[in-house]
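I opened my notebook to keep a record of what I look up here, one entry at a time.

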Amino acid sequence: MNFFGIMAQPLGVILKLLYGVIGNYGITLIILTLIVKLCLYPAYKRQIMSMAGMGDLQPKMTELQKKYGADREKLSIEMEKLYKGQNPLDFNFFEASSIRQVGNKYVMVFSGYSGKEYGLGNTNSALRYAFGDTPLGPWRSGGVLVDSRGVVTGEDGGKLITTNGGHNTHGSLQEINGQWYVFYHRPPRGFGNARQAMVAPVKITWDK
């Protein structure tokens, strides 16, 4: 059973219980919606706080991207002011960043370049991440969160291979019932103009 099937079972039970008491499906659905929203409020609050921090940082990043366009090397050098204490080239930034608070850290997830560090072609098919103590940084590169090409070990165990076509991806992290998940997309059957939604559980630890 998938994640949504697991979630549907308890919601169905609650729906039946509420209807047994209220006797009206319209009112029952309204109350059930309020219950779900209350349960998700802590995650929603963290997301709003992260988005507020991102609102200060994103305009600066957008301005640099517009100014330097395809000159990736110049863009990375200029972004160094946002990433004090680390070589900006380590981030391999492409586009589309978002911030989440994870424990006592902030994690920025973005579309980035990867592959050469583990023996594959270098493409923008990965979600990379950086972390910091505040939503405004300074940031430290964390590396690759997920490569949408589906990287696995080859049959001989001697090298890594891809199981899916390469194309740019976007996504982020979200905590659901105490479990963190990474959401992203990949091109089905290698067709870059299509998007296949993907989700995978991730384990996150941080220094206290």
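Which residues does N124 touch, not counting residues up to four places away in sequence? I noted first that the model is a predicted one, and then I listed the contacts of N124, which are F94, S111, G112, Y113, H167, N168 and T169.

Entry on N124: I looked up its place in the chain and found N124 in strand β3, which covers residues 123–132. I then took one of its contacts, H167, and noted that N124 and H167 are 43 residues apart in sequence, while their C-alpha atoms are 6.7 Å apart in space.

Of the 208 residues, 35% count as buried, and the protein exposes about 12500 Å², of which carbon and sulfur atoms supply 59%. Among contacts between residues at least 6 apart in sequence, I found that 41% join residues at least 24 apart.

Entry on a sheet: I followed three strands that form an open, antiparallel sheet in the order β7-β8-β9. Its edge strands are β7 (171–176) and β9 (196–202), each of which pairs on one side only. Neighbouring strands of this sheet are turned by 25° against each other on average, with direction ignored. Strand β8, residues 179–186, pairs with β9 over seven bridges, and I noted V199 in β9 as the bridge partner of F183.

Note on methods
Residues are numbered from 1 along each chain as its sequence is written. This is a predicted model: local features need pLDDT of at least 70, side-chain atom pairs count only at pLDDT 80 or more; totals for chains, interfaces and linings use all residues. Side-chain values use heavy atoms; hydrogens and water are left out. Helices (H or I, at least four residues) and strands (E, at least two) are DSSP runs, numbered from the N terminus. Contact means heavy atoms within 4.5 Å. Buried means under 20% relative accessible area, exposed over 50%, partly exposed in between (1.4 Å probe, protein chains only). Accessible areas come from the Shrake-Rupley method with a 1.4 Å probe; for residues, only the protein chains shown count as cover. Two strands pair if DSSP finds at least two bridges between them. Axes are lines fitted to C-alpha atoms, for helices over the stretch in contact, and angles run from 0 to 180 degrees between N-to-C directions.
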